[in-house]
Structures are given as structure tokens and as C-alpha cells.
Amino acid sequence: MTQKKKALCITWLGTAGFLIESGHDGILIDPYVSRAGMLRVFLGLPLRPDQPAIDKWLVRLETKIHAVIVSHSHFDHCLDAPYFALKTNALLMGSKSTLNVGRGVGLDEKYLKEAEIGRDIHIGPFTLKFIESAHGPAFLGKVPYPGKIDQPLTGPHPARDHKLGETYSILIRHPSGAILHHGSAGFINGMYEGITSDMALLGIGGRENTQTYLENVALKLNAKIVVPIHYDNFFVSLDKKMKYLPGVNFREFLATAGKYRNVFELKVLSIGEKWSCNSLISDELVKSNPNRHPGESRGP
Ligand SMILES: [Zn+2]
């Protein structure tokens, strides 16, 4: 008897935050729901996770969260992540800097797992792989808050203390398809050599040139579905209507990406909407190449 594939679903949490779930198994990537106001961030006031907002989202999560994965340590990716891990007894996975944010929150060492580039990590029905990436020049043409967090980050800190650390993309493979989370709009030439993904979750805030970006990420991955992310104004509460991040030029992204409509489908998600992407891999593809595992290296 053939085993039935479990549905693969994704929910966008705003910014680069995602819940990826299959049956009762889930992982979170870059969950950030506190959404500190712009004035607080730019005045350098300390940032505090919004516990009621985190709890509200936790109530909505019906799956067992196995891991909270962080693509880099800026506050809009990493401020809330350790709390999500703490409250769900999940692993916090990311760079040394990210783990120091976890230590500051009081996460036990057994819940901290440092990212190892290129290594397959099996978590429930998912196989994860961290890929070295680069941050986009997101603020006035520069990468904000560069550097590393060398010590546990205890207590509330201003945004500038949430230093970048390493930047990763994360490949998530599942029997129903592969999803690539590219949380910041930079890239390293050749970073996706030999890697394919059915879907690309593409951070578009702070990108340089859309065409070049697509050529080096979505097209290199042979993505069939491209989901733009990180274009919402994350200084505005999730309880309010979504606004675009200043300068993100969403229309230009749609127009440039639209030129590739024969190559990939553009999927624009709403924050909080759960989308089933169970049929990323068509049965025809699987039949024609039964050995193909989604997200595996391209054959010769
Ligand atoms: Zn960032």
C-alpha cells in the first residue's frame, strides 16, 4: 500500500516569518510579531518582545513546533524567535549570534543548535539545509547593524545590538516538494549552484536590482512558484491593515517578476493565511523520474 503524502502548508507571519507544517509537525522561520514602532527603533530605545502578541500566535499554532530557525540576527528576524522556542520547547537554530540571543532569554543549551552550512538536518518530515547567503543593502544602501553578538544578549536592547551575525538561506525538503526561504534580498554569486527548489520565499525588502536578484535566486533555483516576502511595513502592528515597507516598490517587483510568467508563478500571500502547497511536485514529474527527491542537486 502506498503511503499517503501529508499536506504541506505554509502560513506567512509578516516580514520573513513563516510557519511550515505537515500534519502535526511544524517549524517556524524568522517569526517576528512584536513589530516595534519606527520611532522606538530609530531612537535606539530598547526593544521588548510583545508577549501577548506571541501568545496570540501560539494559540493559533495547531502543530507541534520542532524548531525555530533564524536566517540572521536582526531584530525583525530574531527578537521573538527565542520566545517562540521557549514556549513551544522547540530547538532554536541559527548562527552563534542567534544562539546568544537565545541564551540571553534563558534557553537551555540543549535547545540551541548552531547552523552547519550544507549539512542535511532531519526534523520530523522535513530535511533542512542551511546555505550561506548575504544580507541586502537594506538601509541607505548599506547592510544595517553589521557584526556579531558575542555574548548572551540579556535584557531589552536597542536595535543596533541585534547585530547581523551570519546570513543564511534555508532549504526545506519534504516529500511534497522543496521550499527555499531566502529571507534577505542579498545573494552570493553561485550560492545556488546544484540546488533546486519548487518554491522560493523571496525577501524583497532592500533589494538592489530586481532583475539581477531574480536571475541569481529564483531562476537559479528553477523555482516554479515565487512568493514575495518581507515587503510589509514591520513597524506597523499586525492588528492593523498591512502597509508596504517604505521604498519597497512592490509594483516594480511584480512588473519585473511578471516577465517570467512562463517560468514561474507569482503567489502573493496574505499575512496569517494558511496556504496548502501540497502539489508542488506534479505526479508526472515524479513518474518520469521516480528517483527525484525534491530539492536535490540537479543531475547532469
Ligand atoms: Zn536584516
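In which sense do strand E4 and strand E5 pair, and over how many bridges? In this predicted model, strand E4, which covers residues 64–69, pairs with strand E5, residues 91–94, in the parallel sense, and three bridges join the two. Within this pairing, Val-68 stands opposite Leu-92 of E5.

Both strands belong to an open sheet of seven strands, ordered E6-E5-E4-E3-E2-E1-E14. The pairing in this sheet is mixed. Its edges are formed by strand E6 (112–114) and strand E14 (274–276), each of which pairs on one side only. On average, neighbouring strands of the sheet are turned by 20 degrees against each other, direction ignored. In general, the strands of a sheet pair through backbone hydrogen bonds, in either a parallel or an antiparallel manner.

A helix is also placed against this part of the structure. Helix H5, made up of residues 96–105, lies across E5 and E6. The direction of H5 is at about 150 degrees to E5.

A further open sheet of seven strands has the order E7-E8-E9-E10-E11-E12-E13, and its pairing is mixed. Here the edge positions are taken by strand E7 (121–123) and strand E13 (265–266), and each of these pairs on one side only. One of the pairings in the model joins strand E9, residues 168–174, to strand E10, residues 177–182. These two strands run in the antiparallel sense and are paired over five bridges. In this pairing, His-174 of the model stands opposite Gly-177 in E10.

Technical notes. Residues numbered from 1 in each chain as written. Predicted model: local features only at pLDDT ≥ 70, side-chain atom pairs only at ≥ 80, totals over all residues. Pairing = 2+ DSSP bridges. Helix = DSSP H or I, 4+ residues; strand = E, 2+ residues; numbered from the N terminus. Axes fitted to C-alpha atoms, helices over the stretch in contact; angles between N-to-C directions. Contact = placed C-beta atoms within 7 Å.
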